[in-house]
Structure formats: C-alpha cells, structure tokens
Amino acid sequence: MISDDAHLPELTRRQEEILSLIVRAYTQHPEPVSSKHLVETFGLSYSSATVRNEMAVLEDLGYIVQPHTSAGRIPSQLGYRYFVKRLISNGDISSSEQSRITERLQSMPLATEQWMRLAATILSRTTQTAALVTPPSAETSRFKHLELISIQGRLVLMVLVLQEGTVYQQMITLTDPIPQAKLGETAQLINALCMDASATQIRARSVQLGLLEREITELVSDMLERADANQVRLIYREGLSDLIPTFPNNEGAQQAVRVLEERAVLNMILNEVLTPMVNSVQVVIAGNGRWEQMSHLTMVVSRYGIQGQASGAVGVLGPTHINYGRAISAVGYISGVMTDMIAQAFEKLPPGNKPDDPADQADETDD
C-alpha cells in the first residue's frame, strides 16, 4: 500500500542526509545524537555549526526531538516515516545471506510446522528482534461438505465442513418436520451444487433451488461469511527474549509482550495491516496513531503466498528504533522466497523464479 506522503514537509538534500544519519546512528545505538558525533563519525564535509543549524530546522519541522536540554537529538515518529518513505537504501541483506536463507527454507518440507518455525527463527536471527510467521491459508472460505441430521420433530443439526478442514455445527428449526431421507437428499443436492464455492457463489447458485434448499444454502452462506470475517491465524513467534532488552523503558517491553502473546490482538492488527498483494512490505511505526498498544513499537510485515488463493504473513516486531533497512530487506526477501516456493508447488511459477528486490517494495501503511 503506497500511502500519500504529500503531508510530509520537504527537506533539502543536506537536511535529508543529516536526518538519515541521525536515524542510522540512533538505530545502532539508541542514545541522543549530537552534531559533533555526526561530523566525526561520518566525516561530513561541513562543520558542526552547520549541522546544528540544520538540526534546528529538522526539529522545527517535527522530524527530530531533543529529549532534554543540552542533549543531542533523536528521531521522531515523523522522522522515521520520512526515512522509510524516501531515504532508506537497498541491499541490507547480502547475497551470501540470501543464499543461506533460501537453502535453509528449501531444506524443509513446504508449509509444515517445522517450515514455519524455521522461517521465524531465520528472520529473528537475521534482524536481531522478534519475528512472526502465520501458515498459508485460504483467503476466502469455501464449501466442502454438508450434513443435515434430524434430531427431533422440526429440530435439525446442520454440520458444515469447509475446504480448509474447519467444521461448524448449528441447530436449526424447520417450519415443518422433514424425514431424514429427505434431509439426506437435500444435503446431497447442495453438496453437488456448492462444492468448493464461496459464500457469494453459493448465493448465486441457490436461485435454482427449491424453498428448503434455498433456506439451507442461505444459512451456509452466512456461516462462510462469518468464517471470513473472524479468520484467526495460528502464529509462530520467535525472539521475544532478544527483543525485551532493546527497549529503553518497561512500557515498550510490556507492549511487545502483549502484542506477541495475545493472539486476538495480533490477529486484529494483521487483518488490518496486510494488503491483498503478496510480497508488499508494510511498515507500521508507533501504531500509526491507530493502535495505542503499539505506541512504542514498529512492525514490518508482508503477505506471502498466492494472491486470491492461499497466503500467510511474515514479519518482525521491534522498538521504533529498529534497524529499518535490515528489517525491511529481510522481511521482503524471506516473504519472496516463501512465495516462490508455494507458487512452484502450485505450478504457478517456473522453477528458479527469483523474488523481487524487497527493498523496492517497502511501503508505510497509512490510516
């Protein structure tokens, strides 16, 4: 998702360079950055006084802040956003690292629990922060099988099985009692008509059915839509213990624990952040003003898999001073490898098709 960044005040080339260096210095060592440190560390061709003047402009524009008097500056949320959108460089994952990542992922059976855990471990170790991976699953629930079981009088048990294996049961009350034989015929007719169909497709096909069959298929469609709306992902996590010490305060650490450990919270965020497009890296900085429980966190996440068929999520979670270049590159590359493997398994791509350069795909999500 390419968000509109017209609201970001424009900077000169030198101001962009100084902001980029402040972000890079602070993400390496989260201590306020002084003008003297920038000049001496990065060998700038202009003086500390010039850097101080430019830093004052950046502070007025809201890109950096001074945590306390006589201290250096640190990036603000706006500063991080500008950096991610316009200043981040490519290639933070070397070709040798890429080769090792690909070899390790390809050594494990596709889409198994071991594969997911390995991907999370690789990503966590590559970025030195917490990582998360969800298994590929159907983006739209599809019908597999229906049973109608007469319980007593007008009471019937409806058992619905979806293609991904989920089973739903619902008690329904018919207008009149119907024999089990008739219920069996009704279920058989619906099974033949609705195999592998989505909720929308089932509704379209049901117009040719009789009254009883239409009522049943309407209930089935409702259940499929609820399944789509309440999709909950199994989440594999790695690296939480490495993440906790990176926060300068307990509040950030507590937020990280809550987001990673409370599945409902993480699923809610992923459902809103992920775009339909695979291998499109999304960056959420300090919750983007939408999630107070992420005010001290940055999430870098991407959808992998086959768009419109089966996909999952892969990403990292860290403090707002996360190493953005490495995180975006790692998430993008690993997402690309996982997509490539699944696509080859589905015979959608020829063997050896390489994922795109992930650094060209990073976008910050917007409200």
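Colleague: What does Glu113 form with Arg117?

Modeller: A salt bridge, with the closest N and O atoms 3.0 Å apart. Keep in mind that this is a predicted model.

Colleague: Where do Glu113 and Arg117 sit?

Modeller: They are in helix 6 (residues 113–127), and being four residues apart there, they are separated by about one helical turn.

Colleague: Is Glu113 buried, exposed or partly exposed, and what about Arg117?

Modeller: Glu113 is partly exposed, with a relative accessible area of 41%. Arg117 is partly exposed too, at 43%.

Colleague: How many salt bridges does the structure hold?

Modeller: It holds 10. One of them joins Arg73 and Glu59, whose closest N and O atoms are 3.0 Å apart. That pair links distant parts of the chain, 14 residues apart: Arg73 lies in the loop between strand 1 and strand 2 (74–75), and Glu59 in helix 3.

Colleague: Buried or exposed, that Arg73?

Modeller: Buried, with a relative accessible area of 18%, which falls under the 20% cut-off. Glu59 counts as partly exposed, at 28% relative accessibility.

Colleague: Which side chain does Glu225 meet in a salt bridge?

Modeller: That of Arg203, at 2.6 Å, N to O. This pair also links distant parts of the chain, with Glu225 in helix 9 (residues 211–229) and Arg203 in helix 8 (residues 199–205), 22 residues apart. Glu225 is partly exposed, with a relative accessible area of 38%, and Arg203 is partly exposed at 24%.

Colleague: Which residues are linked with Arg203 in a network of salt bridges?

Modeller: Glu218, Asp222 and Glu225 are linked with Arg203 in that network.

Colleague: Switching to rings. How many aromatic pairs does a search of the whole structure find?

Modeller: Three. One of them is Tyr63 with Tyr82, which is edge-to-face: 5.1 Å centre to centre, with 70° between the planes.

Colleague: Which parts does the pair of Tyr63 and Tyr82 tie together?

Modeller: Tyr63 lies in the loop between helix 3 (48–60) and strand 1 (64–65), while Tyr82 is in helix 4 (residues 77–87), so the pair ties together parts that are 19 residues apart in sequence. Both Tyr63 and Tyr82 are buried.

Colleague: And why is the pair of Tyr80 and Tyr324 called tilted?

Modeller: Because the planes of the two rings are at 40°, with the centres 5.3 Å apart.

Colleague: Where are Tyr80 and Tyr324?

Modeller: Tyr80 is in helix 4 and Tyr324 in helix 13 (residues 324–345), so that pair ties together parts that are 244 residues apart in sequence. Tyr80 is buried, and so is Tyr324.

Colleague: Which residue lies over the face of Tyr46?

Modeller: Arg14 does, at 5.3 Å from the ring centre.

Colleague: What do strand 6 and strand 7 form, and what is in the turn?

Modeller: They form a hairpin with four residues between the strands. Gly165 is in the turn and has a positive phi of about 105°.

Colleague: Which residue other than glycine has a positive phi near 60°?

Modeller: Ala111. Most residues other than glycine have a negative phi. Ala111 is in the loop between helix 5 (95–106) and helix 6, and is partly exposed, with a relative accessible area of 38%.

Colleague: What about Ala286? What is its phi?

Modeller: Positive, about 55°, although Ala286 is not a glycine. Ala286 is found in the loop between strand 9 (281–285) and strand 10 (297–306).

Colleague: Buried or exposed?

Modeller: Ala286 is buried, with a relative accessible area of 6%.

Definitions and conventions. Residues are numbered from 1 along each chain as its sequence is written. This is a predicted model: local features need pLDDT of at least 70, side-chain atom pairs count only at pLDDT 80 or more; totals for chains, interfaces and linings use all residues. Side-chain values use heavy atoms; hydrogens and water are left out. Rings of Phe, Tyr and Trp (its six-membered ring) pair if their centres lie within 6.5 Å; planes under 30 degrees apart count as stacked, over 60 as edge-to-face and the rest as tilted. Helices (H or I, at least four residues) and strands (E, at least two) are DSSP runs, numbered from the N terminus. Buried means under 20% relative accessible area, exposed over 50%, partly exposed in between (1.4 Å probe, protein chains only). A charge sits over a ring if NZ of Lys or CZ of Arg is within 6 Å of the ring centre and within 35 degrees of the ring normal. A salt bridge is a side-chain nitrogen of Lys or Arg within 4 Å of a carboxyl oxygen of Asp or Glu. Two strands pair if DSSP finds at least two bridges between them.
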